[in-house]
Amino acid sequence: MSKILVIEDEAPLRRALRIFLEAHDYAVVLAASGREGLDLAAREHPDVVILDLGLPDMDGVGVAAALRGWSTVPIVVLSARDAEPVKVAALDAGADDYVTKPFAMNEFLARIRAALRRAAPTEQESVITTDDFSIDLGVKQIHRNGSEVHLTPTEWQIVEVLARHRGKLVAQKQLLQQVWGPQYERETHYLRIYMSQIRRKLEPDPARPRYFITEPGMGYRFVVEEP
Ligand code: CA
């Protein structure tokens, strides 16, 4: 079930969106302000964010820019008809799509489905196979020697971020922001602890990692040799 975070200060619209989206089998998380929205985005890991541009505490453009500092979650902006420049600014700040108020619910639903499709990994890249284990990003499972390896949700999120950037250096700060949220970007000891747990579960020789490589002082890299 995909999870949608709705950041909207108008209570009646917020309620209507919840009822409508839940009726279409989405899990819904609601925020009434920009701050609350950013907080919930970090804690709830939504699959799509619906973002109203006119919020009481900070403007939607600022919320989109803050989200883009650490997250690639699709953002669909809700904007008033007369707010063209703001809408453009939101797209420039990293929003993916927009719907103009008042909107038809079916059109709104189509935009959400399109955003989810764009964010989903394509078939061919959703399974990563190494000599020792395979990671299926689609169903969130790892198999090793024919049986499933059980990771905690946090371990899985770290593996997932690294796997989606395979071969590339992922900075400590980026990993902390994506897994724990923006207020944790200095807690590098979390990463050392979790990375050693992940290596114990997946590396053939955890003391000499072959897949989950530390770049000292920089970050981590997931390395898979091409077959
Ligand atoms: Ca509003």
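Biologist: Where does Pro-102 lie?

Modeller: In this predicted model, Pro-102 lies in the loop that runs between strand S5 (97-101) and helix H5 (105-119). The peptide bond that joins Lys-101 to Pro-102 is cis, with omega at about -10 degrees.

Biologist: Which residue other than glycine has a positive phi, near 55 degrees, and where does Lys-140 lie?

Modeller: The residue is Lys-140, whose phi is near 55 degrees. Lys-140 is placed in the loop between strand S7 (134-136) and strand S8 (141-144).

Biologist: How many salt bridges does the structure hold, and what does the one between Glu-8 and Lys-101 tie together?

Modeller: The structure holds 17 salt bridges. In one of them the side chains of Glu-8 and Lys-101 meet, at 3.1 Å from N to O. Glu-8 belongs to the loop between strand S1 (3-7) and helix H1 (11-23), whereas Lys-101 belongs to strand S5, so this pair ties together parts that lie 93 residues apart in sequence.

Biologist: Let us turn to the overall form. What radius of gyration does the protein have, and why does that value agree with a compact globule?

Modeller: A compact globule of 227 residues would have a radius of gyration near 17 Å, and the protein has 19 Å, which agrees. Along its principal axes, the C-alpha trace spans about 60 × 35 × 25 Å.

Biologist: Into which domains is the protein divided, and how many Å separate their centres?

Modeller: The division is into domain 1 (3-119) and domain 2 (123-222), and the centres of domain 1 and domain 2, taken over C-alpha atoms, are 29 Å apart.

Biologist: How should I read the interface, and how much area do domain 1 and domain 2 bury between them?

Modeller: The size of an interface is often expressed as the accessible area that is lost when the parts come together. Here domain 1 and domain 2 bury about 520 Å² between them, with 51% of it on carbon and sulfur atoms. On the side of domain 1, the residues that lose the most area to domain 2 are Ala-42, His-45 and Trp-70, which together make up 81% of what that side buries. In terms of contacts, 5 residues of domain 1 touch 7 residues of domain 2.

Technical notes
Residues numbered from 1 in each chain as written. Predicted model: local features only at pLDDT ≥ 70, side-chain atom pairs only at ≥ 80, totals over all residues. Heavy atoms only, no water. Domains from an automatic or database assignment. Contact = heavy atoms within 4.5 Å. Buried area = accessible area lost by both parts, 1.4 Å probe. Rg over C-alpha atoms; globule rule 2.2 N^0.38 Å. Helix = DSSP H or I, 4+ residues; strand = E, 2+ residues; numbered from the N terminus. Salt bridge = Lys/Arg side-chain N within 4 Å of Asp/Glu carboxyl O.
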